[in-house]
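Subject: Structure for you to look at

Hello,

Here is the structure I said I would pass on. Please open it first and then read the notes below it.

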Amino acid sequence: MKKIIPVITAILIGININLSAEAFEFPFFKKTPQNQIRSLLKEHSKAMEDRNIEQIKTFYDKDYMSADGFDIDDLATMLEKTYDAYGNIKYKTKINNISAYDNWALVQMSDTSSAKVYPDNNKKNKEKMGKLDGKSSYIVYLKNTDDGWKIVSDEILMEETSLKYGIANKIDMELITPVFVKNGHEYDLSLKMDKPEDIVALASISREEIVYPPADYTEKFRKMPENGDLERLVKANNKNLDEYAIASIGFTKVSVNEEELKAKIEVLGMAYIMKRINMEKIKGQKAALVENK
């Protein structure tokens, strides 16, 4: 939030006052750290919109390391792949709070992302169009260096992304996960869906560790039960790595040609849903992370 600093009139008695312009250096005319950081983050958002990866890198400290262990080169590679896959992606970023102390600052932010995907490059075929929607909440840590404020780390608190094609855009579905899990403990994932009765849905739900490059995982598809709910019990990793829960769903319709005695399977749509699950910090781990930044 912007702070309104009142102008206080001081009466100076017994002091020789120099009335030259150089004597008037009012601190309330200077940009506060909060204003400097807000301006910097708006420039960062503009660079993201312009897809200018080289400019984006200039906002980060050379020793930048995310809470997930990604450095600036990893970040640049992930951004490049995102821009290649979603050429029209758009971001909306909101700065919720800025706290600054000495040469350090912490900013709580949230954003949304959206994009349209055309698998066959035919933008007129809206039935096959895919829609990407994402939202996240995170903390950005900054340090005031000789080159100004630089991002030294960030930590994602909440993240959810979906990519839906075809009829999947018209079907309500939700991937239910815990917000936090304990290292090496089991937890439940469930996919809830309200699908039409004449449509067959095959789905897979799984978990993967957040690492770069991402590890391959095997999907095991099962037919969605008639009640629309699919559940799976999984076990968290024992390396204190945060995880993604992932649901993959395919929608088909089966029709029978009675004359030719053949069944026709028609693919009507697909959906991918991903939600972040953060690992509970063990005692002393948080202090160690701060110390290493």
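Arg276 and Asp242 are both buried, and they form a salt bridge in which the closest N and O atoms are 3.0 Å apart. Arg276 belongs to strand 12, while Asp242 sits in the loop between strand 10 and strand 11, so the pair ties together parts that are 34 residues apart in sequence. The two residues also belong to a network of salt bridges that links Asp68, Glu159, Asp242 and Arg276. As background, side chains of opposite charge can pair when their charged atoms come close.

Please keep in mind that this is a predicted model. The average pLDDT of the protein chain is 84, and 81% of the residues score at least 70. Over residues 1–29 the pLDDT is below 50, and this stretch has seven contacts in the model beyond near neighbours in sequence. Residues 285–293 also have a pLDDT below 50, with five contacts beyond near neighbours in sequence.

Back to the charged pairs. The count of salt bridges comes to 11. Glu209 takes part in a salt bridge with Arg207, at 3.6 Å from N to O. Glu209 also meets the side chain of Lys239, at 3.0 Å from N to O. Lys239 is in the loop between strand 10 (229–235) and strand 11 (243–257), and Glu209 is in strand 8, so this pair ties together parts that are 30 residues apart in sequence. How exposed are Arg207 and Glu209? Arg207 is partly exposed, with 21% relative accessibility, and Glu209 is partly exposed with a relative accessible area of 21%.

Next, the overall layout. The protein chain has four helices and 12 strands. Of its 293 residues, 35% are buried. The accessible surface comes to about 19300 Å², and carbon and sulfur atoms account for 52% of this. Among contacts between residues at least 6 apart in sequence, 65% join residues at least 24 apart.

Now the interior. In soluble globular proteins, nonpolar side chains tend to be buried together. Here the largest nonpolar core has 31 residues, and the ones with the most contacts inside it are Ile37, Tyr60, Val107 and Leu142. At least two residues of this core come from each of helix 1 (33–49), helix 2 (53–57), helix 3 (72–85), strand 1 (90–101), strand 2 (104–117), strand 3 (130–145) and strand 4 (148–166). Another core, of 25 residues, lies apart from it, and Ala168, Met173, Ile199 and Leu230 are among its members.

What does Tyr60 contact, leaving aside its neighbours within four places in sequence? The list is His44, Ile72, Leu75, Lys150, Ile151 and Asp154.

On the outside, Val267, Met270 and Tyr272 form a nonpolar surface patch, with about 270 Å² of accessible area together. Val267 lies in strand 12 (residues 262–279) and is exposed, with a relative accessible area of 60%. Tyr272 is in strand 12 too, but is partly exposed, at 36% relative accessible area. Not counting residues up to four places away in sequence, Tyr272 touches Thr161, Ser162, Leu163, Tyr165, Ala247 and Ser248. Tyr272 and Tyr165 are 107 residues apart along the chain, and their C-alpha atoms are separated by 9.0 Å.

Last, a few points about the backbone. Which peptide bond is cis? The bond from Tyr212 to Pro213 is, with omega near -5°. Pro213 is in the loop between strand 8 (200–209) and strand 9 (222–223).

Two residues have a positive phi without being glycine:

- Arg51 has a phi of about 60°. This residue lies in the loop between helix 1 and helix 2, and Arg51 is partly exposed at 30% relative accessibility.
- Asp102 has a phi near 55°. This residue is found in the loop between strand 1 and strand 2, and Asp102 is exposed, with a relative accessible area of 60%.

Regards

Note on methods. Residues are numbered from 1 along each chain as its sequence is written. This is a predicted model: local features need pLDDT of at least 70, side-chain atom pairs count only at pLDDT 80 or more; totals for chains, interfaces and linings use all residues. Side-chain values use heavy atoms; hydrogens and water are left out. Patches are made of residues with over 30% relative accessible area and no salt bridge: like charges are joined within 9 Å, nonpolar side chains (Val, Leu, Ile, Met, Phe, Trp, Tyr) within 5 Å. Accessible areas come from the Shrake-Rupley method with a 1.4 Å probe; for residues, only the protein chains shown count as cover. A salt bridge is a side-chain nitrogen of Lys or Arg within 4 Å of a carboxyl oxygen of Asp or Glu. Buried means under 20% relative accessible area, exposed over 50%, partly exposed in between (1.4 Å probe, protein chains only). A nonpolar core is a set of buried Ala, Val, Leu, Ile, Met, Phe, Trp, Tyr and Cys residues joined through side-chain atoms within 4.5 Å. Contact means heavy atoms within 4.5 Å. pLDDT is the predictor's confidence in each residue, from 0 to 100.
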